[in-house]
Amino acid sequence: MLIKNSNNIFECQQCGKCCFGFGGTYVTKKDINKIAEYLNITPGSFINQFCDKSGTKNILTQKKNGFCIFFDKNCTIHPVKPYMCKAWPFLKTILKNPENWDAMANSCKGMKKQIPHKILKQIVLMEIQKLMA
Ligand code: SF4
Ligand code: SF4
């Protein structure tokens, strides 16, 4: 198969697995402000109600069942979901360590494995730039 763009290497299967466990979803200050506005609460209330701490960083609380507090069959804050959720699996770390891609693919059935690293890095860079635009 000719690999031309992100659709050739990733297609989300909507399985919800990335909203489960995964060591926490970080929320940036920008994420916090956007989600709080969407929920019509203050950023402080958002942090109190929906975040836990991982070191000094805010992460979304996990429910007792292990899923993200905003997961209910699908993402209930989809239009404003955190950068980390929007970016997946096109993460900056892949630019430095493209071998991480296949390891990530073990937990995400939407990702295709064994993509030549040069092409993989080009696509990841394109996706990062799109998200920053
Ligand atoms: S684990 Fe992968 S395929 Fe499943 S919902 Fe998350 S991104 Fe989509
Ligand atoms: S914010 Fe949405 S996409 Fe991100 S982990 Fe929570 S439910 Fe999943």
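Does asparagine 97 count as buried or exposed, and how many C-beta neighbours does asparagine 97 have inside 10 Å? In this predicted model, asparagine 97 has 12 C-beta neighbours inside 10 Å and therefore counts as exposed, since a residue is exposed if 12 or fewer other C-beta atoms lie within that distance. Asparagine 97 is located in the loop that runs between α4 and α5. Its C-alpha atom is separated by 24 Å from that of isoleucine 59, a residue 38 positions away along the chain.

The protein chain as a whole was considered next. Its secondary structure consists of 6 helices and 4 strands, and these elements follow the pattern α-α-β-β-β-β-α-α-α-α when read along the sequence. The radius of gyration is 16 Å, close to the 14 Å given by the globule rule for 133 residues, so the protein chain is as compact as a globular protein of that length. Along the principal axes, the C-alpha atoms fill a box of roughly 50 × 30 × 25 Å. Of the 133 residues in the protein chain, 20% are buried. Where contacts join residues at least 6 apart in sequence, 60% of them link residues at least 24 apart.

Helix α1 spans residues 29–39, and its buried residues are Asp31, Lys34 and Ile35. Viewed down the axis of α1, these buried residues fall within an arc of 95 degrees, so they line one face of the helix. The cover over the buried residues of α1 includes α2 (43–50) and α3 (83–87). Leucine 39 also belongs to helix α1; with 16 C-beta neighbours inside 10 Å, leucine 39 counts as partly exposed. Between leucine 39 and valine 80, which are 41 residues apart in sequence, the C-alpha to C-alpha distance is 9.9 Å. Just after α1, asparagine 40 adopts a positive phi of about 60 degrees.

Helix α6 comprises the 16 residues 117–132 and reaches 22 Å from its first C-alpha to its last, close to the 22 Å expected at 1.5 Å a residue. Leu120, Ile123 and Val124 are the buried residues of α6. They cover an arc of only 100 degrees around the axis, which puts them on the same side of α6. Lys118, Gln129 and Met132, on the other side of α6, are exposed.

Several backbone features occur in the loops. Most residues other than glycine have a negative phi, and most peptide bonds are trans. Lysine 73, although not a glycine, has a positive phi of about 70 degrees. Lysine 73 is placed in the loop between β3 (71–72) and β4 (74–75), and with 7 C-beta neighbours inside 10 Å it counts as exposed. Glutamine 114, likewise not a glycine, has a positive phi of about 60 degrees. The loop between α5 and α6 holds glutamine 114, which is exposed, with 8 other C-beta atoms within 10 Å. A cis peptide bond, with omega of about 0 degrees, joins tryptophan 88 and proline 89. Proline 89 lies in the loop between α3 and α4.

The surroundings of the two ligands were then examined. Ligand 1 is surrounded by Cys12, Gln13, Gln14, Cys15, Gly16, Lys17, Cys18, Trp88, Cys108, Lys109 and Gly110. Tryptophan 88 of this shell is also one partner in the cis peptide bond with proline 89. By class, the residues around ligand 1 are 5 nonpolar, 4 polar and 2 charged. Ligand 2 is surrounded by Cys19, Thr25, Leu60, Cys68, Phe70, Phe71, Cys75, Ile77, Lys81, Pro82 and Cys85. The shell around ligand 2 has 9 nonpolar residues, 1 polar residue and 1 charged residue.

Terms used:
Residues numbered from 1 in each chain as written. Chains lettered and ligands numbered in written order. Predicted model: local features only at pLDDT ≥ 70, side-chain atom pairs only at ≥ 80, totals over all residues. Near = placed C-beta within 6 Å. Nonpolar A, V, L, I, M, F, W, Y, C, P; charged D, E, K, R; others polar. Helix = DSSP H or I, 4+ residues; strand = E, 2+ residues; numbered from the N terminus. Rg over C-alpha atoms; globule rule 2.2 N^0.38 Å. Contact = placed C-beta atoms within 7 Å. Expected span 1.5 Å × (residues − 1). Arc of directions from axis to C-beta.
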